[in-house]
Structures are given as structure tokens and as C-alpha cells.
Amino acid sequence: MEKLLNELSTECCPAYSLDSDIEINPQVPESLKRNLSLDLPNISENDLLRHFTNLSRKNYALSTTFYPLGSCTMKYNPLVNERIAKFDNFAKLHPYQDSKTVQGVLEVMYNLEKDLCEISGMDCFSLQQAAGAHGEFSSLLIIAKYFKSIKQKRAKIIVPDSAHGTNPASAALAGFDIVPLKSESDGSILPEKLKEILTPEIAAIMLTVPNTLGTFEKNIPEISKIVHGNGSLLYYDGANLNAVMGVVKPGDMGFDIMHINLHKTFSTPHGGGGPGSGPIGVKAFLEPFLPLPRIESKGNEFILNYEKQESIGKLKAFFGNFPVILKAYVYIKSLGAKGLKNVSEQAVLNANYMLSRFKDKINVPAGGRCMHEFVLAPKKLFKNAVRTLDVAKRLLDYGYYAPTVYFPLIVEEAIMIEPTETESKKTLDAFVDTLIKIILEEASLEPQKLKDAPVNTFVGRLNEVEAARNPILKWK
Ligand SMILES: *Cc1c(COP(=O)(O)O)cnc(C)c1O
């Protein structure tokens, strides 16, 4: 940052003043005194303000436009929640404070754990995890420890190809071997196929519900019966909870362990790489393995319990991303049970409305109904070497953030759209019209427009590998 401001700095015009009468503490030794003047940038307040305002306008943000990024739930998050998270009484706490001085904070966390139990049907929650994938990883450590405690050797995890990509990665990191399972065209699992690969070595199966094609798994009761009959556990990837809140509970469906993304569903945006929070929920028999510390209520005091013999231990510094936890708590309390259900119903309605407008024109591998998101497969419509990437870049020219592309991997040239509940019909219609125009008209009639896109953005098409490996971070 300092370097960047130095580029704007002009020698001629001092733009700051320092008090020259500062008294130097006589105890500062000679050797520590500065003998060169401070290298501070010279920029007037006006120019500085313009610099940052202009930078912010080059950014794409939810506060300016629609953000249909599939699998990310980029919805509007009430600003009042941000304000509450910024209150001094929360923001200026220190994690080493005596727990007696932060009773209110512990109460918020304790209550949020209870609320997440209610929403999910699980018995206990832990709020430590910093992301969804972190939640998966800690859950898999718990699964491993559970089987160790009952002296069973189970080193394999089944992951359907319609699960989120973090699932196999987390399982591998936790030391398991992955057994892949091919899903049907709508991403669902055939119980007969599952039976074929179920062996005594299988510790668990990880289901993403709704799956990455945006459909609800139809066969959960049967899958649950088969998996538990084998002595294995059932894991629920609940990052997509925005589709099912207040409608169904993973705990009621037979799942033993799960994670929820507080970012995405509960008032923290997912984009931009953090901060996040991926709490995990378990059925009572897995409670002893939850990470430490556990927040407990004793008499009329909340305490941090570090004394649990079977726990997988500590996973993160301190207690979790508290501002994200706090925003989730405020969101849940302000919406209430009915409000949360309404969120999911509207999210699913918005997605189905968009899908209904696309489905006669663009191939939809999972069929004509979806949950909170859906995947288009426009490949057959493409001529002139046009690809999904070109469509995504062209959308930028129309002022839209591009949807998720090339994910899930099971659909070639995929475009994955998640409108969320907070967008109006007008916004959804305008986006659908634009995408149809690009795919059905421009791609055939003016393919060069797609190849050259984007032309209306501050930078043109980037070499994405180069941009990630050797980013140029100067402002000019
Ligand atoms: C986003 C997501 C994850 C991973 O969450 P992170 O916080 O990005 O680690 C896992 N599963 C599904 C279904 C997701 O959508």
C-alpha cells in the first residue's frame, strides 16, 4: 500500500505536517534514533480520496450489480449485521481475555450452536472451523477417530461425482482413500450402484445436498438405510443450506455429521476468499470427538471446556471467526423460523423461474426442475469455436458478473447459475435476456464479439495463469 501511494506522490508538494516539537523520551538510546526523514507519500487528501474511490469503482460488487455465481450464494446481506459486528464491544475484544469478562460473547456462540441444531436436526455444533472445507476436514478427523475408538479399520470414503470438489480433497487430506461413485444425469445416486461399492472398509459417504447439479437427492432414506446397515456413517455437505432451511433437516434424514457454511447462507458473502465460518454438527454419539474448546453452560456462567479426552483437539487459533458467527446469529434472530423458511422458498422459486425461461432454449442436463441453482450445458449450440469461457467474458461487457463456469466437472462447458432470494424478477429477466442473446444470437452471428470480450471493462481478457502466478499490483 505504501509503495502504491509513493507512485502517486509528488516531491514538490508536501501533503502532511508532523509536529516538530515532539519531545523524544530521553530513555530512547542514540542507536535507535532515526537519522533519515520518514519516507511518507505526498498526496493531498482530495487526491487520495479520489484514488481510492476510483479504485473501488473498478471493482465488481454486489452493491452495484447482480452476482449469479453458482455454488456461492452471493446474495444481499443486510448492512445492519455488518454494523453490529463492528460494535466496539465485540470488535475490540481480545481472545486472551478471561472468559468471565466475555460472557455475552460466549452466550452468543452457545445460542448459535443451539439454533444451528434446531435448523439442521443435529444434536451438537462446533463453531471453530474457518471455512466449509475446514468443516469437512474436521468432520473427517472425527469420523476417523470414531472408528478408531470402536476399533474398526475403515480407511475409505465414498464421494459421488456430483459432490462438491472440496469433498474428495478434504477426505484425502484427512488420510482416507477416495472411492468415486458415478451419479445419474441429474446428479442423484442409485442405491443399487452404492451397494456394489460398499465394503467393510468404507467409513462414510459424503453427500452434497442439493448436489452440484442443483437437484435434491431423492433416495436419502434408502441410502441412509444401506450405509448404516454397513456400519458406515452418512455425511451431509450443507454448504447449500440456502435451498432447504426450514423445509428439511439433515438430522431427520439420517445424517450423522455435517457442515454448514455461515458465509453464503447466513449473512456473510462468500466471494473474495473470506473470512468464513464452516461449523460442524454431529449426532450425540459423535459429540465426544468435537474440537476443543467446547462452550458449556455451568450454573449461570458460560465456560470454555478444554478437558475432553476423546476430542480431535484444537483446529484453529482461539474460538472461530467471531464476526461471521455474530452476523449469522443476528441474521437468524432477525428472520426467525418463518423468515428462514421464506429465504429458502424464494431462493428456490427464483432459480426455477430462471430455469423455466432457459429450459426450452438451452440444454439443462438435470431436467426442468431445480433447487436454488441450476446448470446449463450450451455446448451443442456453439459454432465457430465459441466456448463457455467466451460467453462468460461477453457477459462482463453487459455489466454482469459471470456465473460459475466449467463446474461441476461432470457437465461439459457448464454454466452454473444461482440467483438467490434477494433479486427481483426484473433483474432475473434482464440477465436471462442477455445470456440468451449472447448464446443464441451473438455466438452464431458475431462470434468475434465473444472472442474479443471483454471490451467494456477496465482490463481486457487476462491470461489467468499468468495473472495468478505473476500478478502486477501497481495501480497504473
Ligand atoms: C462452497 C462450498 C464448499 C466449500 O466451502 P468453502 O468455505 O469455500 O471452503 C463445500 N461444499 C459446497 C457444496 C460448497 O458450495
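## The second largest pocket

The second largest pocket holds about 430 Å³ of space. Among the 22 residues that line this pocket, Leu93, His94, Pro95, Phe319 and Phe322 are the closest to its centre. Two or more lining residues come from each of helix H4 (88-91), H5 and helix H11 (322-358). By class, the lining has 18 nonpolar, three polar and one charged residues.

The model is predicted: local features need pLDDT of at least 70, side-chain atom pairs count only at pLDDT 80 or more, and totals for chains, interfaces and linings use all residues. Residues are numbered from 1 along each chain as its sequence is written, and side-chain values use heavy atoms, with hydrogens and water left out.

## How the terms are set

On a 1 Å grid over the protein atoms alone, a pocket is an open set of points with protein on both sides within 12 Å along at least five of seven lines, a cavity is a set of points where a 1.4 Å probe fits but cannot get out, and lining residues have an atom within 4 Å of a point. Volumes are the space filled by probe spheres set on the points, which are joined across faces, edges and corners. Helices (H or I, at least four residues) and strands (E, at least two) are DSSP runs numbered from the N terminus. Ala, Val, Leu, Ile, Met, Phe, Trp, Tyr, Cys and Pro count as nonpolar, Asp, Glu, Lys and Arg as charged, and the others, Gly among them, as polar.

The protein chain is divided into domain 1 (2-57), domain 2 (80-334) and domain 3 (339-469), with bounds from an automatic or database domain assignment. The C-alpha centres of domain 1 and domain 2 are 47 Å apart.

About 1600 Å³ of space lies in the largest pocket. It is lined by 42 residues, of which Lys58, Asn59, Thr457, Val459 and Leu462 are the closest to its centre. The largest pocket lies between domain 1 (2-57) and domain 3 (339-469), because both give residues to its lining. Helix H2 (45-58), helix H12 (388-397), strand E11 (404-405) and helix H15 (464-469) each supply at least two of the lining residues. The lining divides into 23 nonpolar, eleven polar and eight charged residues.

## Cavities

There are two cavities of 30 Å³ or more. The largest cavity has a volume of about 70 Å³, and its lining includes Met109, Glu113, Arg294 and Phe319. Helix H5 (103-120) and strand E8 (294-298) each give at least two residues to this lining.

The second largest cavity has a volume of about 50 Å³. Among the residues that line it are Pro160, Gly187, Leu207 and Glu217. Its lining has five nonpolar, four polar and one charged residues.

## Around the ligand

The ligand is surrounded by 15 residues, counted if a heavy atom lies within 4 Å of it. The closest are Gly132, Ala133, Asp237, His263 and Lys264.

Some polar contacts (pairs of N or O atoms within 3.5 Å) can be listed:

- A polar backbone atom of Gly132 is 2.8 Å from an oxygen atom of the ligand.
- A backbone N or O atom of Ala133 is 2.8 Å from a ligand oxygen atom.
- A side-chain N or O atom of Asp237 is 2.6 Å from a nitrogen atom of the ligand.

Notes
Polar contact = N/O pair within 3.5 Å; in protein donor to acceptor, adjacent residues only side chain to side chain.
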